[in-house]
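Subject: Structure handover

Hello,

The structure we discussed is below. My notes on it follow.

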Amino acid sequence: MARPVGEVPAPAPVQPDGVTLSEIRPHLVVPALEMVARVFSGDWAEALRRAIHAQVPAERIRVAVRGEVVVGFAMWGAYDGSPDRFGPFGVDPAERGRRIGAALLADALAVMARAGCRRAWFLWTEPDGPAFRLYQRAGFEVTRRFAIMRRML
Ligand SMILES: CC(C)(COP(=O)(O)OP(=O)(O)OC[C@H]1O[C@@H](n2cnc3c(N)ncnc32)[C@H](O)[C@@H]1OP(=O)(O)O)[C@@H](O)C(=O)NCCC(=O)NCCS
């Protein structure tokens, strides 16, 4: 899916109750890595770890924080060297359905626009899931479809 950035305004900011959005800051690095490793696939934890190790600009790693606890994250331009690639992006399952995902997506798109990106894109999402609807509402459109194939051995 992809969406223009800049020429199409970012979605309106969203403010979930009790949650602060910001770029990643030094004291949030370990909590963010721990949350992503605990809740998501090893791939995503590795992507975050690599981005931090490569010292990508902090504005490219957005976090949602409740108190001192990182409850969600969204990265852009921090994966495979593509400046306009969005993701990975996720919210702790215990915190879903509170508009934290919508807030992170709107925040990341606004920062991407300020940084001069022309579009945002990513490769994979499941059709008809919550993420897909979120992306559609934020102006993303399907640009390519992939099929998973398998064969019994
Ligand atoms: C996609 C994701 C980031 C959305 O986070 P979120 O904080 O739940 O987002 P929002 O609260 O803004 O809601 C988004 C949608 O998810 C629904 N939802 C998802 N999980 C929910 C839950 N546990 N309880 C209630 N609603 C939930 C919301 O109802 C909403 O759908 P709707 O607007 O069609 O009703 C989150 O579901 C997630 O981390 N998913 C796994 C990772 C993923 O798929 N990332 C995207 C990869 S491309």
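How many bridges join S4 to S5, and in which sense do the two strands run? Four bridges join them, and the strands run antiparallel. Strands pair if DSSP finds at least two bridges between them. Strands here are DSSP runs of E with at least two residues, helices are runs of H or I with at least four, and both are numbered from the N terminus.

Two points on the source. This is a predicted model, in which local features need pLDDT of at least 70 and side-chain atom pairs count only at pLDDT 80 or more, while totals for chains, interfaces and linings use all residues. Residues are numbered from 1 along each chain as its sequence is written.

Overall, the chain has four helices and six strands, in the order β-β-α-α-β-β-β-α-β-α. Its radius of gyration, taken over C-alpha atoms, is 15 Å, which agrees with the value near 15 Å for a compact globule of 153 residues (2.2 Å times the number of residues to the power 0.38). Buried residues make up 35% of the chain; buried means 20 or more other C-beta atoms within 10 Å of the residue's own, with C-beta atoms placed from the backbone.

Strand S4 (residues 69-76) is largely enclosed by the rest of the structure, because seven of its eight residues are buried. On its pairing with S3 (residues 61-66), S4 is antiparallel over six bridges, and Ile61 stands opposite Met75. S3 and S4 form a hairpin with two residues between them, and Gly67 in the turn has a positive phi of about 65°.

Ala106 lies in helix H3 and is buried, with 22 other C-beta atoms within 10 Å. Beyond its neighbours within four places in sequence, Ala106 is in contact (C-beta atoms, placed from the backbone, within 7 Å) with residues including Ala10, Val14 and Ala138.

The ligand is surrounded by 18 residues, and the closest are Arg96, Gly97, Gly101, Ala102 and Pro130. By type, the shell divides into nine nonpolar, five polar and four charged residues. Nonpolar covers Ala, Val, Leu, Ile, Met, Phe, Trp, Tyr, Cys and Pro; charged covers Asp, Glu, Lys and Arg; the others, Gly among them, are polar.

Regards

Definitions and conventions:
Near = placed C-beta within 6 Å. Buried ≥ 20, exposed ≤ 12 C-beta atoms within 10 Å, placed from the backbone. Contact = placed C-beta atoms within 7 Å.
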